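Subject: Structure handover

Hello,

Here is the structure for you to look over. My notes follow below it.

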Amino acid sequence: MNYPKGASVLIIQGNDVLAVRRGNSDKWGLPGGRLEEGEGTLEAAVRECAEEAGICLDPAAGKFVYGGICNADHLSKKEYWVDTFMFKMPPSQRACTIEKDNPVKWMPVTEFLSKSSFPDYHKLLFSSVCDIVPSLESLHILHVGPDLN
(Lines give C-alpha, C1' and ligand atoms only; values in the text may rest on other atoms or scores of the structure.)
Protein backbone atom coordinates (compact mmCIF):
# COMPACT_ATOMS: atom_id res chain seq x y z
CA MET A 1 0.00 0.00 0.00
CA ASN A 2 1.23 3.50 -0.80
CA TYR A 3 0.80 5.67 2.31
CA PRO A 4 1.09 9.47 2.42
CA LYS A 5 4.38 10.43 4.09
CA GLY A 6 5.19 12.27 7.27
CA ALA A 7 8.30 12.93 9.33
CA SER A 8 9.17 13.62 12.96
CA VAL A 9 12.12 14.57 15.13
CA LEU A 10 13.23 12.74 18.27
CA ILE A 11 15.38 14.75 20.67
CA ILE A 12 16.20 13.10 24.00
CA GLN A 13 18.01 14.57 26.99
CA GLY A 14 18.50 12.02 29.77
CA ASN A 15 15.06 10.43 30.21
CA ASP A 16 13.20 13.40 28.75
CA VAL A 17 11.90 13.86 25.22
CA LEU A 18 11.01 17.09 23.43
CA ALA A 19 7.21 16.95 23.10
CA VAL A 20 4.55 19.05 21.37
CA ARG A 21 0.93 19.09 22.51
CA ARG A 22 -1.41 18.30 19.64
CA GLY A 23 -4.27 20.77 19.28
CA ASN A 24 -6.70 21.36 22.12
CA SER A 25 -6.19 17.93 23.64
CA ASP A 26 -4.19 16.29 26.39
CA LYS A 27 -2.25 14.26 23.79
CA TRP A 28 1.40 14.86 22.94
CA GLY A 29 3.61 14.01 20.00
CA LEU A 30 7.04 14.67 18.57
CA PRO A 31 7.74 17.73 16.44
CA GLY A 32 6.65 16.62 12.98
CA GLY A 33 4.06 16.57 10.26
CA ARG A 34 3.28 15.92 6.63
CA LEU A 35 5.70 16.41 3.78
CA GLU A 36 5.31 19.38 1.48
CA GLU A 37 5.46 18.81 -2.27
CA GLY A 38 8.97 17.87 -3.43
CA GLU A 39 10.27 17.52 0.13
CA GLY A 40 12.10 14.49 1.56
CA THR A 41 11.41 13.10 5.02
CA LEU A 42 14.62 14.46 6.57
CA GLU A 43 13.97 17.94 5.20
CA ALA A 44 10.36 17.80 6.44
CA ALA A 45 11.48 16.72 9.92
CA VAL A 46 13.94 19.61 10.15
CA ARG A 47 11.34 22.12 8.87
CA GLU A 48 8.64 20.88 11.26
CA CYS A 49 11.00 21.12 14.25
CA ALA A 50 11.78 24.75 13.37
CA GLU A 51 8.08 25.54 12.86
CA GLU A 52 6.83 23.83 16.03
CA ALA A 53 9.72 24.16 18.52
CA GLY A 54 11.87 27.00 17.17
CA ILE A 55 14.90 24.72 16.84
CA CYS A 56 17.03 24.94 13.70
CA LEU A 57 18.64 21.56 13.09
CA ASP A 58 21.45 20.62 10.72
CA PRO A 59 20.06 17.88 8.44
CA ALA A 60 23.53 16.28 8.29
CA ALA A 61 23.32 15.66 12.06
CA GLY A 62 20.08 13.65 11.83
CA LYS A 63 20.06 9.88 12.22
CA PHE A 64 17.16 7.85 10.84
CA VAL A 65 15.90 5.70 13.72
CA TYR A 66 12.47 4.38 12.78
CA GLY A 67 9.84 4.35 10.07
CA GLY A 68 6.37 2.89 10.25
CA ILE A 69 2.64 3.34 9.87
CA CYS A 70 1.09 6.02 12.04
CA ASN A 71 -2.57 6.87 12.39
CA ALA A 72 -2.28 10.64 12.07
CA ASP A 73 -5.94 11.59 12.33
CA HIS A 74 -8.02 9.81 14.94
CA LEU A 75 -11.27 11.02 13.43
CA SER A 76 -10.75 9.93 9.83
CA LYS A 77 -8.41 7.03 10.70
CA LYS A 78 -6.12 8.13 7.87
CA GLU A 79 -2.75 6.41 8.06
CA TYR A 80 0.64 7.86 7.16
CA TRP A 81 4.10 6.37 6.78
CA VAL A 82 6.24 8.38 9.20
CA ASP A 83 10.04 8.45 9.27
CA THR A 84 11.62 9.63 12.53
CA PHE A 85 15.09 11.14 12.79
CA MET A 86 17.02 11.52 16.03
CA PHE A 87 19.06 14.65 16.72
CA LYS A 88 21.13 15.92 19.61
CA MET A 89 19.85 19.20 20.98
CA PRO A 90 22.01 22.00 19.56
CA PRO A 91 23.78 23.53 22.60
CA SER A 92 23.16 27.10 21.45
CA GLN A 93 19.39 26.65 21.08
CA ARG A 94 16.38 26.29 23.33
CA ALA A 95 12.99 24.85 22.54
CA CYS A 96 10.12 27.31 22.64
CA THR A 97 6.43 27.32 21.90
CA ILE A 98 5.80 28.81 18.46
CA GLU A 99 2.13 27.93 17.99
CA LYS A 100 -0.14 28.89 20.91
CA ASP A 101 -2.30 25.76 20.58
CA ASN A 102 0.75 23.46 20.36
CA PRO A 103 2.96 24.14 23.40
CA VAL A 104 6.39 22.53 23.55
CA LYS A 105 8.03 21.06 26.65
CA TRP A 106 10.52 18.48 27.89
CA MET A 107 8.65 15.48 29.22
CA PRO A 108 9.81 12.22 30.84
CA VAL A 109 9.60 9.41 28.27
CA THR A 110 7.25 7.33 30.43
CA GLU A 111 4.85 10.28 30.80
CA PHE A 112 5.11 11.01 27.07
CA LEU A 113 4.15 7.44 26.23
CA SER A 114 1.14 7.59 28.55
CA LYS A 115 -0.04 10.83 26.88
CA SER A 116 0.98 9.98 23.33
CA SER A 117 -1.27 10.94 20.47
CA PHE A 118 0.12 7.94 18.55
CA PRO A 119 0.85 5.30 21.25
CA ASP A 120 1.56 2.30 19.00
CA TYR A 121 3.98 4.22 16.79
CA HIS A 122 5.75 5.86 19.73
CA LYS A 123 6.18 2.59 21.67
CA LEU A 124 7.76 0.96 18.62
CA LEU A 125 9.94 4.02 18.04
CA PHE A 126 11.26 4.14 21.60
CA SER A 127 11.76 0.39 21.69
CA SER A 128 13.92 0.69 18.57
CA VAL A 129 16.18 3.38 20.07
CA CYS A 130 16.76 1.79 23.50
CA ASP A 131 20.02 0.21 22.37
CA ILE A 132 21.44 3.54 21.12
CA VAL A 133 20.20 5.73 23.99
CA PRO A 134 21.64 4.22 27.19
CA SER A 135 19.45 6.35 29.48
CA LEU A 136 16.34 4.58 28.13
CA GLU A 137 17.43 1.00 28.80
CA SER A 138 15.97 0.95 32.31
CA LEU A 139 12.49 2.03 31.17
CA HIS A 140 10.71 -1.32 31.04
CA ILE A 141 7.58 0.24 29.55
CA LEU A 142 9.45 0.32 26.26
CA HIS A 143 9.44 -3.46 25.89
CA VAL A 144 7.38 -4.36 22.83
CA GLY A 145 6.37 -7.90 22.11
CA PRO A 146 4.76 -10.84 23.87
CA ASP A 147 4.99 -11.01 27.63
CA LEU A 148 6.81 -14.26 28.39
CA ASN A 149 5.93 -14.35 32.09
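The side chain of Ser8 makes a polar contact with the side chain of Thr84, at 2.7 Å. A polar contact here is a pair of N or O atoms within 3.5 Å; within protein, one must be able to donate a hydrogen and the other to accept it, and residues adjacent in sequence count only if both atoms are side-chain atoms.

This is a predicted model: local features need pLDDT of at least 70, side-chain atom pairs count only at pLDDT 80 or more, and totals for chains, interfaces and linings use all residues. Residues are numbered from 1 along each chain as its sequence is written, and side-chain values use heavy atoms, with hydrogens and water left out.

Back to Ser8. Ser8 lies in strand β1, residues 5–13. Strands are DSSP runs of E, at least two residues; helices are runs of H or I, at least four; both are numbered from the N terminus. Ser8 counts as buried because its relative accessibility is 6%. The cut-offs: buried is under 20% relative accessible area, exposed is over 50%, partly exposed is in between (1.4 Å probe, protein chains only). Leaving aside neighbours within four places in sequence, Ser8 is in contact (heavy atoms within 4.5 Å) with Leu30, Pro31, Gly32, Ala45, Val82, Asp83, Thr84 and Phe85.

Next, the rings. A search of the whole structure finds three aromatic pairs. Rings of Phe, Tyr and Trp (its six-membered ring) pair if their centres lie within 6.5 Å; planes under 30 degrees apart are stacked, over 60 edge-to-face, the rest tilted.

One of the pairs is Tyr66 with Tyr121: edge-to-face, 5.2 Å centre to centre, 65 degrees between the planes. This pair links distant parts of the chain, with Tyr66 in strand β5 (residues 63–73) and Tyr121 in helix α3 (residues 119–129), 55 residues apart. Tyr66 is buried at 17% relative accessible area. Tyr121 is buried at 4% relative accessibility.

Another pair is Phe112 with Phe126: edge-to-face, 5.9 Å between centres, 65 degrees between planes. The pair joins helix α2, which holds Phe112, to helix α3, which holds Phe126, and the two are 14 residues apart. Phe112 and Phe126 are both buried.

Helix α2 spans residues 109–114 and also holds Glu111. Glu111 has 24% relative accessibility, so Glu111 counts as partly exposed. Glu111 and Trp28 are 83 residues apart in sequence, yet 9.7 Å apart in space, C-alpha to C-alpha.

Trp28 has a charge over its ring: the charged end of Lys105 sits 5.3 Å from the ring centre. The criterion is NZ of Lys or CZ of Arg within 6 Å of the ring centre and within 35 degrees of the ring normal.

Best wishes
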